[in-house]
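Colleague: I am new to this protein and would like to be walked through it step by step. Could we put the sequence and the model side by side and begin from there?

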Amino acid sequence: FEISPSASGAQEVYLHVKPYAKSTKTFNKTNGYLCVTPSWTDGKIEHEGWDYLLVHSAQTVNSTPEGALFRGDSLTIALGVSTFTLGRAVTINSCRVYPGVTLRSNGGTADFAGDDWEIVAVEGQEDNPVVFVPYTASKPYPVSLDMVLHGSGPIKISSNAATNDTYATISMDNSAYKGRWTFSYAPDSKYPGAPTDDGIHRGTQVRISSAANLGGALDEPDAAALTIEKYSYLRPKNTLTLATPNRGITIGTSCGGFYVPTDVTFTLGEPLTVNGTMLKDGEGRLVLSNSTAAASTQTFKVRGGTLKPLTADCCANLDLVFTNRSATATGLVLDCANAATRACGLVANSIAVEAAETIPVTVENPELGDFTMALCTLPHGDEDLSGLFAVSPIRGHKVTVSKQTGDATDTYVITADKFGLSLFIK
């Protein structure tokens with residue numbers, strides 16, 4: 001079918017197609033849309049220059065053995081349009097998605113599902129990802145990635161929201177997926193609002209429940225297997241550890257980080273590369289059991305909950321700022337039984353507070369007798385920061401913090417002296 005704009009100058013032309021079951025159709029266009037109705041139960045969709053593919057209502061497309069083919073530099077696969085009131089869920093089994101395709105909702109929650117979605121890698125198109133857009137209207141419309149992914153082409157989740165709490169959810173075991181992810185924010189001309197440092201929720205949050213949601217182990221190390229940028233963040237839905245072999249995380253040159261909800265512990269064991277401001281939000285606990293590289297000194301803002309370091313270089317070359325933005329004071333947790341940090345504590349370029357007077361410090365697994373342990377190690381400076389740390393009481397001990405000055409670094413040390421026992425006999 002060839003379609004051209006009408007003589008009246010209409011900019012959008014719609015073609016409403018109802019293919020027969022198990023039919024294979026290829027449609028060409030000059031300018032317009034292909035709209036697939038719920039009557040489509042089987043078939044192949046091959047893009048040949050269309051701007052949009054509108055999937056009307058909740059349905060299942062069981063593809064032919066060749067699979068549903070989505071390709072083209074400007075193709076958008078959209079679920080519904082703003083004038084439709086039907087559902088926006090679609091299941092497409094056996095699907096191949098090529099670089100440059102965008103999948104979004106145009107008026108409701110978009111739920112993508114299927115048992116075989118290949119994200120195709122094309123040579124020379126490594127920087128042209130498949131893009132999922134969680135938002136296109138005046139309020140957040142989430143996107144759910146409920147399909148089983150494989151292949152190695154890149155995926156980008158990028159909101160254009162100007163309101164809070166725009167999110168996407170990845171829910172399946174995608175261990176066979178070997179590609180890169182990017183979480184970003186891209187305001188468009190209709191919704192140009194941009195997030196600020198005080199509004200991380202204006203970025204995109206991506207929710208996961210297991211490490212396998214983000215793919216399997218890679219054959220070679222990739223420091224940017226996940227890039228978080230432009231006030232976006234990764235949000236675990238439950239307590240989990242992220243330590244997939246050869247998958248690294250990069251914080252982009254703008255801003256990005258992690259949102260850890262209340263009662264959730266998120267352990268990050270993948271190497272971090274920090275190129276901009278890194279944020280930790282939410283009332284839960286972020287555990288860093290990884291290494292961190294920063295080409296130059298960057299800022300790490302702990303804006304809610306607690307931070308627990310388990311490696312000596314997990315905050316290397318970072319300026320740490322503990323703020324009091326959350327309902328409860330942000331704080332630091334140290335494990336007395338962890339050999340990697342007991343001698344040096346939290347190693348950073350600097351530590352400061354914002355909207356707070358002190359940093360609460362909790363010591364886990366304290367010894368029964370007298371003991372000392374490092375709280376943090378900083379570059380040498382004249383100022384004594386001992387009063388910056390408020391160590392929680394340790395039962396049966398008197399606790400103090402003191403500064404030990406070295407040639408190039410200063411170490412702040414926690415000293416816990418066990419209270420003596422006096423016996424009085426009358």
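**Overview of the model**

Modeller: In this model, which is predicted, buried residues make up 53% of the 426 residues in the protein.

Colleague: How many residues of strand 20 are buried?

Modeller: Strand 20 covers residues 232–236, and its side chains can be followed one by one. In a regular strand the side chains alternate between the two faces of the sheet. Here Ser 232, Leu 234 and Pro 236 point one way while Tyr 233 and Arg 235 point the other way, and all are buried. Strand 20 is therefore mostly covered, with burial under the cut-off of 20% relative accessible area reached by 5 of its 5 residues.

Colleague: Which residue is the bridge partner of Ile 208 in strand 20?

Modeller: Strands of a sheet pair through backbone hydrogen bonds, either parallel or antiparallel. Strand 18, residues 204–208, runs parallel to strand 20 and is joined to strand 20 by 4 bridges. Within this pairing, the partner of Ile 208 is Pro 236.

Colleague: Which residue in strand 23 does Ser 232 stand opposite?

Modeller: Strand 20 also pairs with strand 23, which spans residues 255–259, in the parallel sense over 3 bridges. In that pairing, the residue opposite Ser 232 is Gly 256.

Colleague: Which residue in strand 39 does Lys 398 stand opposite?

Modeller: An open sheet with mixed pairing is formed by 4 strands in the order 33-36-39-38. Its edge strands, each pairing on one side only, are strand 33 (346–347) and strand 38 (397–405). Strand 38 pairs in the antiparallel sense with strand 39, residues 409–418, over 9 bridges. Across that pairing, Lys 398 stands opposite Asp 417.

Colleague: How many nonpolar, polar and charged residues does the lining of the second largest pocket have?

Modeller: The second largest pocket holds about 180 Å³ of space, and the elements that give two or more residues to its lining are strand 15 (155–159), strand 17 (181–185) and strand 19 (222–228). Among the lining residues are Glu 126, Asp 127, Ile 155, Lys 156, Arg 180, Trp 181 and Thr 182. Sorted by class, the lining has 5 nonpolar, 2 polar and 5 charged residues.

Colleague: Why does Asn 338 count as buried?

Modeller: Asn 338 is found in the loop between strand 32 (331–335) and helix 1 (339–342). Leaving aside residues up to four places away in sequence, Asn 338 touches Pro 309 and Leu 310. Asn 338 counts as buried because its relative accessibility falls under the 20% cut-off, at a value of 16%.

Colleague: How many disulfides does the structure hold?

Modeller: A disulfide needs two cysteine sulfur atoms within 2.5 Å. Cys 315 is in no disulfide, as the nearest cysteine sulfur, that of Cys 314, is 4.1 Å away. For the structure, the number of disulfides is 0.

Colleague: At what relative accessibility does Cys 315 count as buried?

Modeller: Another cysteine, Cys 255, counts as buried at 1% relative accessibility. Cys 315 also counts as buried, because its relative accessibility is 0%.

Terms used: Residues numbered from 1 in each chain as written. Predicted model: local features only at pLDDT ≥ 70, side-chain atom pairs only at ≥ 80, totals over all residues. Heavy atoms only, no water. Buried < 20%, exposed > 50% of the residue type's maximum accessible area, 1.4 Å probe, protein only. Pairing = 2+ DSSP bridges. 1 Å grid on protein atoms, 1.4 Å probe; cavity = no way out; pocket = protein on both sides within 12 Å on 5 of 7 lines; lining within 4 Å. Points joined across faces, edges and corners; volume = space filled by probe spheres on them. Nonpolar A, V, L, I, M, F, W, Y, C, P; charged D, E, K, R; others polar. Contact = heavy atoms within 4.5 Å.
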